[in-house]
Amino acid sequence: MKKRHFKKGAVLSDSVYTEVAVPLPIFRTFTYEVPETLIDLIHPGKRVLVPFGNRRVTGYVLALKRGITLHDQVKKILDVLDDIPLFPPSIIPFYRWVADYYLYPLGEVIKCALPGGLNITSIERISLNEKGRQVLDLAGMSPLERKVLNVLETEKGLTLKQIQQRLGERAPRAVIYNLKESGWVEIRQELKPGRVRPKMERYVRIGDNIPCKDSLSTVRRTILEVVSDYGEISISALKKVVPTAGQLMKRMASDQYLKIIEKPVYRDPFGEPIEQDTHAPILTSDQKSVVGEIKNALGGGFSTYLLYGITGSGKTEVYMQAVASVLERGEEALILVPEIALISQMERRFRARFGEKVAILHSGLSEGERYDQWLRIVRKEVQIAIGARSAVFAPFEHLGLVVVDEEHDDSYKQETGLRYHGRDLAIVRAKMAGAVALLGSATPSVQSFYNVKTNKYKGLNLLRRIEDRALPEVVIVDLRKEEERTRTIPIITSELKEEMSGTLMRGEQILLFLNRRGYAPYPVCARCGKVICCKNCDISLTFHHEAKVFKCHYCGFTEGMGARCRHCSSSRIRLLGMGTERVEETVRKMFPEARVARMDRDTTSRKGALIKILKGLRHKEIDILIGTQMVTKGHDFPNITLVGIICADLSLNFPDFRSGERTFQVLAQVAGRAGRGEKPGRVILQTYNPEHFCIETAKKQDYIAFYEREIGYRNALRYPPLSRLVLIRVEGRDEERAAQCARSLGNIVRDHIKKRREFQEIIEVLGPTNAPLPRLQNQYRWQLLLKGSNAGSLHELTQVLVQDLERSIRKKGIRIMVDVDPVFML
């Protein structure tokens, strides 16, 4: 390495260096020297193995540098882990923006963006040495140290986690290091490879020794003819043509008649083949107008459009026509949908139109399948990616269009780790690529519609259904009157039952919606009246009839159906309230001949289960589908003519300023599932609040009327979109320590605001106070809300706070989480 002395303590170097981000909770990047042997191999976007402290970790190459001034000794890269970059250099500024905006370490942002299971990790293995064996009976060591040594005497090379499993108790890392300092144990670093590797498949081709055909059996001649025709064929495919080929392969290869090789292949996530759709439908005049405006915008730089289209107005066809125009320009398109349930439908339509140009990216794929789809994009083998929120990181280099379908959906918000919003990042991604962002919804978020009103976005409208089909008629049933009349709490009212009977007689399908899974969400002790709650959370357990357990939907804690009241030990538990299981039971008794299915998280958790339900609905093998909100989102089944909303009020009274918006959206969306074919639709909406403006506007499916009322309330309280929010949550197992930490946080925030006059004028502090759910997973929760009219000032204050949190008030056992633009406030 050539070095020139530049000034005291600094050296100017002509060697090649690289900026590397490591996937650890560290907010800075690091500089490493590139050995001469690796210079030709290293490129931005590749992963490298680097020394970090006393470990070796995976890092991500962000940039290469020459002629830099060094102030400290620089370590060398150990290895380059990829043949080709996993992401293009053009996406690196986007990663940096995400890290800055959401106050999250850059290396962990990139790790979140890439397919899981790739990284090499360094693990510590602990072994007892000879000196340690000699002191096993030594007095003076702690009981826990003695237990650890006894475990290591019987097994060597254990990880800390394995030691804790053997002990049945927690062993702090400090204990292990004390034993090492005493010279009794040895710790060695071991590299653990990533879980995901390329899938290899055996292929066969003609060998060097070409035999005389007359000397071969009929089967061997057939094998050689098939291989010769294909040039190269996988052994699995060959066996379909010649079932006995497997028995003869090795012999024919040893005779050099054939060559057997291994090749990397893609895992297939798509399943059944799809018939090609070669003729796009004729557009309505409204669709033509919308498509024309989008086409004119393509190639003209960044712009954001909000497509407000009522249910059944043909938004998906608009997306496909826009994508076709993007592909003609030699650019790429990214399509985001809120949930995996919708990807199947969208993927089928896009594959039918665009064939092998489509990749899919979502968490329902195996790690290997997602890795393969990612590589197809990196290798430019596809030009379209369809996926859930994480697909916003797809490694396209020439994006021309980013579509966000059902843009209002809260599922676009990631609630753990990197708490990003997929819709917001889609717009940023489009801006950095100079592309068009197209947001679509029948019930736009108040935020997006406000951006149209303030000319930040451009508005597009589809206000008529395809073929001028009528919107479904919505009938409101007042549950208060039904209770007075029947003296019971009804699940299926007489009006809904009558409509269901008629629909089944006509051979049409029914959708019943209740946004609560399980059988009974409110079990109560019949003796003392106490609610049966989770032992880890301040929330009631839900009884699941099928599994015969009481279950917490937040931490997963379960108790058998024979559970007793913790207050009085009574076994008499009353199962109050209703969930989708109870609705299913009621419907099966009411209509024993009907084919009933349920679609919620319990029935769709297994891979392929969701696709099976949707396929059954499409093929009319299901008469009545009961489901939670996953049935409301964009599904198109023309034979569903009746929608029953079991109870429309469940989300109205949540302690969240968006509860009215969510209620309107889910009701309007589920109502829109009815009458999407040639037959007219009908909706029975059961409610205890028929006069509420959210219910009234949902009945009329009048989004504009809802927006005008809702934005008035937001304006009065200065809530988004009239302001921006940052939520800071404090969590800890010790109730008093968590409270003390939250109060200290509040004092620090107010001290910072007092020092800056501009903060005093535009930032409001709410809290700290107990979270609406004060205890989850045995963590006591406090939260503080920052509300500001200026996003820059709010972000500046939050950055200062994050630095202070690390230095001042973070204590052992306390976790502090920062959520920029929070969606869920519970």
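**Loops, cores and ring pairs**

Pro-721 sits in the loop that runs between H22 and strand S32 (724-732). Helices (H or I, at least four residues) and strands (E, at least two) are DSSP runs, numbered from the N terminus. The model is a predicted one, in which local features need pLDDT of at least 70 and side-chain atom pairs count only at pLDDT 80 or more, while totals for chains, interfaces and linings use all residues. Residues are numbered from 1 along each chain as its sequence is written, and side-chain values use heavy atoms, with hydrogens and water left out.

Most residues other than glycine have a negative phi, and most peptide bonds are trans. The bond from Pro-720 to Pro-721, however, is cis, with omega near 15°. Arg-718 is also found in the loop between H22 and S32, and its phi is positive, near 55°, although the residue is not a glycine. Its relative accessible area is 40%, so Arg-718 counts as partly exposed; the classes are buried for under 20% relative accessible area, exposed for over 50% and partly exposed in between (1.4 Å probe, protein chains only).

Gly-767 and Pro-768 are joined by a cis peptide bond with omega of about 5°, and here the proline, Pro-768, belongs to strand S33 (residues 763-776). Asp-821, in the segment after strand S35 (814-820), has a positive phi near 55° and is likewise not a glycine. With 16% relative accessibility, Asp-821 is classed as buried.

Stepping back, the protein splits into domain 1 (16-113), domain 2 (121-192), domain 3 (200-264), domain 4 (285-462), domain 5 (473-519 + 577-714) and domain 6 (724-820). These bounds come from an automatic or database domain assignment. Taken over C-alpha atoms, the centres of domain 4 and domain 6 are 34 Å apart.

Next comes helix H10. Its 13 residues (285-297) should span 18 Å at 1.5 Å a residue, and the end C-alpha atoms agree with that, being 19 Å apart; the expected span is 1.5 Å times one less than the number of residues. Gln-287, Val-290, Val-291, Ile-294 and Ala-297 of H10 are buried. They take up an arc of only 120° around the axis, so they fall on the same side of H10; the arc is that of the directions from the helix axis to the C-beta atoms. Lys-288, Ser-289 and Asn-296, on the other side of H10, are exposed. The cover over the buried residues includes strand S14 (303-309), helix H11 (315-328), strand S19 (436-441) and strand S20 (458-462). Just past H10, Gly-299 has a positive phi of about 85°.

As for the interior, a nonpolar core is a set of buried Ala, Val, Leu, Ile, Met, Phe, Trp, Tyr and Cys residues joined through side-chain atoms within 4.5 Å. The largest one has 122 residues, and Tyr-95, Phe-393 and Leu-786 touch the most other members. Helix H23 (residues 735-755) contributes the most to this core, with eight residues. Another core, of 35 residues, lies apart from it and has Ile-294, Leu-307, Ile-335 and Phe-354 among its members.

Finally, there are the rings. Phe, Tyr and Trp rings (for Trp, the six-membered one) pair if their centres lie within 6.5 Å, and planes under 30 degrees apart count as stacked, over 60 as edge-to-face and the rest as tilted. The structure has 21 aromatic pairs. One of them, Phe-449 with Tyr-707, is edge-to-face, at 4.9 Å centre to centre and 65° between the planes. This pair links distant parts of the chain, 258 residues apart: Phe-449 is in helix H15 (residues 446-453) and Tyr-707 in helix H22 (residues 703-717). Phe-449 is buried at 7% relative accessibility, and Tyr-707 is buried as well, at 3%. In Phe-664 and Tyr-703 the ring centres are 6.0 Å apart and the planes at 50°, so that pair is tilted. Since Phe-664 lies in helix H20 (residues 659-671) and Tyr-703 in H22, the pair ties together parts that are 39 residues apart in sequence.

Methods. Contact = heavy atoms within 4.5 Å.
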